[in-house]
Structures are given as C-alpha cells and as structure tokens.
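This report describes the architecture of a protein chain, from its overall fold to selected residues. The sequence and the model are shown first.

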Amino acid sequence: MTVQGNILVAGTILAAPFIGSFIGTLVEDLPRGRLFARGRSRCDACAATLGPGDLVPLASFLLRRGRCAHCGAAIPRRLLLIELAALLLAIGIAALDPAGPRVPLDFAFAATLLAVALIDLDCLRLPDALTLPLLLAGLLATALRQPAALGAHAAGAALGYLGFTGLRLLWRLLRGIDALGAGDAKLLAAGGAWLPPAALPWAVVIAGLAGLAGVALWAVLRAEAGGGRLMRQRLPFGPALAVGLLAMRLAT
Ligand SMILES: [Zn+2]
C-alpha cells in the first residue's frame, strides 16, 4: 500500500459523513427547487441558524441526542441514517480496493447513486441535475484513467439509453403504460459511462432482482400495515438500478 493510496482511502472515509450530510440536504432541496436557496443551515422547527457545532455529521446528532440545541425539536432521523450510509459505503469501497487509487472515484459514483435512489424513492423522479453530470463525470474519469476504453464506454452509455428508451416505448405501445421512466434510461446511460460495456447487462439483471426483492419486501410490510393494492402502484426503478450499477462497478 502506497502513502498516496493511504491518503486517498483515509480522506475518502473522513469526508464520507460530510458528503452524506450534503446528500441529506440535496435529497430534501433539489426536487423542491430550493437547493442553495436557503442560505445557511437552519433548524426547520425554530429557524435558529446552526453553528459549526450543530453541523458535524453523526457526532452532532449523537451529542445532542437527535434534538435541536436551541428548541429541542427532533432532528429527522433520516439525516443520521444517510450520513451513516455514506460512511458505510466509503468503508465498504475501501475494503474492496485497499490499494486505494479507485476509492475516491468509486465513492463519488456510489454517493451520487445514493442521492439519486433516495430522490426516486421520495418523488418517483430521477433528476437530470444528477444523472447528466454523473454521465459526464463517468466519461471524464474513463478518458483520464483508461483512454483506450473511452469509445467502448461511450457506446455502452448510448446503447443503455437506447435500450431502455426502446423498451419504454414498446411497453407503452403494447400495454399503454410507462413501465420505465425516461430518467431510468438516463441513469443506465450514466452507468454505461462508468462500467465496461460487458458489465452493463449484468447491472440490469441485478437491478431486476433487487427490484423484485424490494417489491416483495414492500408488499410484506404493506400487508402487515393493513394491505393495499400493489399492482396499480407506480414503483421507482431507480434505487434497484443504482444497486445493480454499483455492484457491477465494484465487481469490475
Ligand atoms: Zn430548533
């Protein structure tokens, strides 16, 4: 393990909870069009401006026992979970690549997928403001690290987009419904920029299995909560696709 590799791994793990904290803001504010519009961070309940001591990820939440220091209102537990998820992703990625050079890039990919998946779960929408930069970043990373593979990754991105768009239009023609969103095609294209083309079909297979598992889990939880009609419900495919893309990125 090189000194440079150590610094990359340690830096990524230390930065992860802060990036998780940013993802929490992003997930709340981006779909509502108010990202960066609120200025400094404030308590949602009492509007007190939060100081540096309130904004240390994980630690602030634990020290203040999940409550605002000014008014005592409960801080959404979800924020803590997102910070924790980002930290666990960074540790997992570092464990898979202990030499380090790929760790920051893989974590950036994973963190963006986490934000995309959470927004899709919330709003059934995959914002272009995340999928398109993810696509460009993937092409840029490939151009810098494996210039010979750039053409193949660009072709994979294009085929992924056309494949999902074709499926979407076919399904609309046959069944009159939108089974896939336009955002899913853009997310698969972004994945194509990051993955070798041969890995892309496997990412879709894993996404399909993850989606089925997610639906089954959701149906069980819902049945326990009193039932409800599942088949007419629109389901987000973005989180499942994010799982498939991340699994194949880390496996290749
Ligand atoms: Zn407060």
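**Overall architecture**

The model is predicted: local features require pLDDT of at least 70, side-chain atom pairs count only at pLDDT 80 or more, and totals for chains, interfaces and linings use all residues. Residues are numbered from 1 along each chain as its sequence is written.

The protein chain contains nine helices and zero strands, so the order along the sequence reads α-α-α-α-α-α-α-α-α. Helices (H or I, at least four residues) and strands (E, at least two) are DSSP runs, numbered from the N terminus. The radius of gyration is 20 Å, close to the 18 Å that the globule rule gives for 252 residues, and the protein chain is therefore as compact as a globular protein of that length. That radius is taken over C-alpha atoms, and the globule rule is 2.2 Å times the number of residues to the power 0.38. Along its principal axes the C-alpha trace spans about 55 × 55 × 35 Å.

Of the 252 residues, 33% count as buried. A residue is buried if 20 or more other C-beta atoms lie within 10 Å of its own, exposed if 12 or fewer, and partly exposed in between, with C-beta atoms placed from the backbone. Two residues are in contact if their C-beta atoms, placed from the backbone, lie within 7 Å. Among contacts between residues at least 6 apart in sequence, 72% join residues at least 24 apart.

**Domains and their interface**

The domain assignment gives domain 1 (1-123) and domain 2 (127-252); such bounds come from an automatic or database domain assignment. The C-alpha centres of domain 1 and domain 2 lie 23 Å apart. Across the boundary, 16 residues of domain 1 are in contact with 16 residues of domain 2. On the side of domain 1 that touches domain 2, the elements giving two or more residues are α3 and α4, and the largest share, 12 residues, comes from α4. By class, this side of domain 1 has 13 nonpolar, one polar and two charged residues. Here Ala, Val, Leu, Ile, Met, Phe, Trp, Tyr, Cys and Pro count as nonpolar, Asp, Glu, Lys and Arg as charged, and the others, Gly among them, as polar.

**The nonpolar core**

The largest nonpolar core has 56 residues, and those with the most contacts inside it are Ala 86, Leu 114 and Ala 115. A nonpolar core is a set of buried Ala, Val, Leu, Ile, Met, Phe, Trp, Tyr and Cys residues joined through C-beta atoms within 7 Å. Elements giving two or more residues to this core include α1 (3-29), α3 (77-96), α4 (103-123) and α5 (128-145). The largest share, 13 residues, comes from α4. This core draws at least three residues from each of domain 1 and domain 2. Leaving aside its neighbours within four places in sequence, Leu 114 is in contact with Ile 23, Ala 85, Ala 86 and Leu 89.

The table sets out the dimensions of two helices; the expected span of a helix is 1.5 Å times one less than its number of residues.

| Helix | Length | First to last C-alpha | Expected span |
|---|---|---|---|
| α6 | 26 residues | 37 Å | 38 Å |
| α9 | 14 residues | 20 Å | 20 Å |

The buried residues of α6 are His 153, Gly 156, Ala 157, Gly 160, Tyr 161 and Phe 164, and they pack against α5, α7 and α8. Within α6, Gly 156 is buried, with 25 other C-beta atoms within 10 Å. Beyond its neighbours within four places in sequence, Gly 156 is in contact with Gly 192, Leu 195, Pro 197 and Leu 200. α6 is followed by Gly 176, whose phi is positive, near 75 degrees.

In α9, 11 of the 14 residues are buried, so this helix is largely enclosed by the rest of the structure. The buried residues of α9 pack against α4, α7 and α8.

Ala 47 is exposed, with 9 other C-beta atoms within 10 Å, whereas Leu 58 counts as partly exposed, with 18 C-beta neighbours inside 10 Å.
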